[in-house]
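Opening the notebook on this one. I'll go from the overall fold down to single residues.

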Amino acid sequence: MLEALIIGTGLIAATVAVQTMGLIVLSNTIVRIVRWLRLHRHNFGRTLAMVVTVLGLFAIHTAEIWLWAGVYILTGRNTSLEEALYQSTTAFSTVGSQLALSPDSRLLTALESMNGLILIGWSIAFLIAASTRFGPFRSGEHF
């Protein structure tokens, strides 16, 4: 149990770092794309900026899911990449998997679920901010 807590805490710290760096890169990228293509001038451009933002958020979460899945394989909790990715994706998204897990794996998966909940919530907050700054929505007008 202690090993799972230590590993989980390390993974939570690592994914928070990935999320932070990813959002910084995504923010800078969106600003450059919007200015370069002058997307802020029309609704199609604003919509395109939102599509890029959502795809960027998916890429960040994919990296975080792969990080957890890699640890599941390295620690012997899963035997195949497909199984590890399935377990990680269902845990991170808080859907829950149908896999039979050992007590240590259950604890680690529960930590990943809490981690995913926080990071997805953070991404939603980022998406709302981006939608009012670059997207087709304006604060006070649509909210």
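My ground rule for elements: helices (H or I, at least four residues) and strands (E, at least two) are DSSP runs, numbered from the N terminus. By that rule Val52 sits in helix 2, residues 43–74.

Housekeeping next. This is a predicted model, where local features need pLDDT of at least 70 and side-chain atom pairs count only at pLDDT 80 or more, while totals for chains, interfaces and linings use all residues. Residues are numbered from 1 along each chain as its sequence is written, and side-chain values use heavy atoms, with hydrogens and water left out.

**Whole chain.** I count 4 helices and 0 strands in the protein chain, and reading along the sequence gives α-α-α-α. Of its 143 residues, 36% come out as buried (buried is under 20% relative accessible area, exposed over 50%, partly exposed in between, with a 1.4 Å probe and protein chains only). I then looked at contacts (heavy atoms within 4.5 Å). Among those with a separation of 6 or more in the protein chain, 65% join residues 24 or more positions apart.

**Val52.** Is Val52 buried, partly exposed or exposed? It counts as partly exposed, because its relative accessibility is 25%. Setting aside neighbours within four places in sequence, I find Val52 in contact with Leu26, Ile30 and Ile33. I also checked Thr29: it is 23 residues from Val52 in sequence, and the C-alpha to C-alpha distance is 9.3 Å.

**Helix 1 against helix 4.** Two packed helices are described by the angle between their axes and the distance between the axes. Here helix 1 (residues 2–37) and helix 4 (residues 103–133) pack at about 15°, axes 10 Å apart. Therefore helix 1 is roughly parallel to helix 4 (angles under 35 degrees count as roughly parallel, over 145 as roughly antiparallel, 65 to 115 as roughly perpendicular and the rest as oblique). The axes are lines fitted to C-alpha atoms over the stretch in contact, with angles from 0 to 180 degrees between N-to-C directions. What kinds of residues make up the contact of helix 1 with helix 4? I get 14 nonpolar, 7 polar and 3 charged, with Ala, Val, Leu, Ile, Met, Phe, Trp, Tyr, Cys and Pro as nonpolar, Asp, Glu, Lys and Arg as charged, and the others, Gly among them, as polar.

**Helix 3.** Its buried residues are Ala84, Leu85, Gln87, Ser88, Thr90, Ala91 and Phe92. Their cover includes helix 2 and helix 4. Just after helix 3, I noted that Thr94 takes a positive phi of about 60°.
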